[in-house]
Amino acid sequence: MNQLSLDQNTSLQIPDNPKLEGLKSKIIPFYQYFYFMEKEEIKNKVEEPSAEYLPTGQADGCYTYADYLTWQMDEMVELIKGKIFKQAAAPRVNHQRVAGLIFTRLFLHLEKRQCETFIAPFDVRLPAKSKKNEDINTVVQPDICVVCDPEKIDELGCVGAPDLVIEILSPGNNKKELQNKYEVYEESGVKEYWIIHPNECTLLIYTLIEGNYKPSKIFTHGDKVASQAVEGFVLDLEEVFDGMM
């Protein structure tokens, strides 16, 4: 038997068969690839809090903002319809560059206006029936959001739908942003939802019309994009995507 070391703790036994000799150079890379892909998937799986963090009067596994406030976790987590989603890893460089630039442009644009812009980490609670902590089961942290109703702001963040939400895709969070958050943003009444793919240098805008999101065309280099939710705000994507890695 030949022994293939996958990492310090794991090895793979390969039969010592002359017929396999010519295939080993092709087979071994596949073993290694799928092994590390499986490890990455396990690492990125959502892990619920330990037994001390139990739902307060809810069905098993359905958590609320009241539960969320009791947790002490190292990683950032979000609640979407009672389910826990954790950030797979720290955001990449392109993500941070795009977030910083857009937040700065919004902050300067909104100076001395009623609307305010916030950047993650910042809790946005999206109540389905009441604003009581034990009734709220969706708490998200958009990369950037704009809130124009000052009554929605309290010391814990925002309670109710922001006017504009901007999410910037990163490896590991694409499904969450494109499916899970899309649904709760639409249902809760977020007027405008921007999804930016920094590596592809694209922007897609969903605008809420009669309770349903309508997608824009895909914007990219050379486009200047005007927000319908934030009056007078125009973003130059040439500036946003300049120098992406």
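Six salt bridges are present in the structure. The model is a predicted one. Side chains of opposite charge can pair when their charged atoms come close.

One of these bridges is formed by the side chains of Lys81 and Glu187, with an N to O distance of 3.2 Å. The two residues lie 106 positions apart and connect distant parts of the chain. Lys81 sits in the loop between strand E3 (77-80) and strand E4 (83-86). Glu187 belongs to helix H4 (residues 174-188). Lys81 is partly exposed, at 39% relative accessible area. Glu187 reaches 55% and therefore counts as exposed, the cut-off being over 50%.

A second pair consists of Glu239 and Arg105, whose closest N and O atoms are 2.3 Å apart. Glu239 is partly exposed, with a relative accessibility of 33%. Arg105 is also partly exposed, at 31%.

Asp163 and Lys191 make a further salt bridge, at 3.1 Å from N to O. This pair joins distant parts of the chain, 28 residues apart. Asp163 is placed in the loop between strand E10 (157-159) and strand E11 (164-168). Lys191 is placed in the loop between H4 and E12. Asp163 has a relative accessibility of 9%, so it counts as buried; the limit for that class is under 20%. Lys191 is partly exposed, at 47%.

The backbone was examined next. The peptide bond between Ala120 and Pro121 is cis, with omega about 5 degrees. Pro121 lies in the loop between strand E5 (116-119) and strand E6 (124-125).

Positive phi values occur at two residues other than glycine, Lys112 and Cys201. For Lys112, phi is near 65 degrees. Lys112 is located in the loop between helix H3 (93-109) and E5. Its relative accessibility is 90%, so Lys112 counts as exposed. For Cys201, phi is near 55 degrees. Cys201 occupies the loop between strand E12 (192-197) and strand E13 (202-209). With a relative accessibility of 10%, Cys201 counts as buried. Thus Lys112 is exposed, whereas Cys201 is buried.

Definitions and conventions
Residues are numbered from 1 along each chain as its sequence is written. This is a predicted model: local features need pLDDT of at least 70, side-chain atom pairs count only at pLDDT 80 or more; totals for chains, interfaces and linings use all residues. Side-chain values use heavy atoms; hydrogens and water are left out. Helices (H or I, at least four residues) and strands (E, at least two) are DSSP runs, numbered from the N terminus. Buried means under 20% relative accessible area, exposed over 50%, partly exposed in between (1.4 Å probe, protein chains only). A salt bridge is a side-chain nitrogen of Lys or Arg within 4 Å of a carboxyl oxygen of Asp or Glu.
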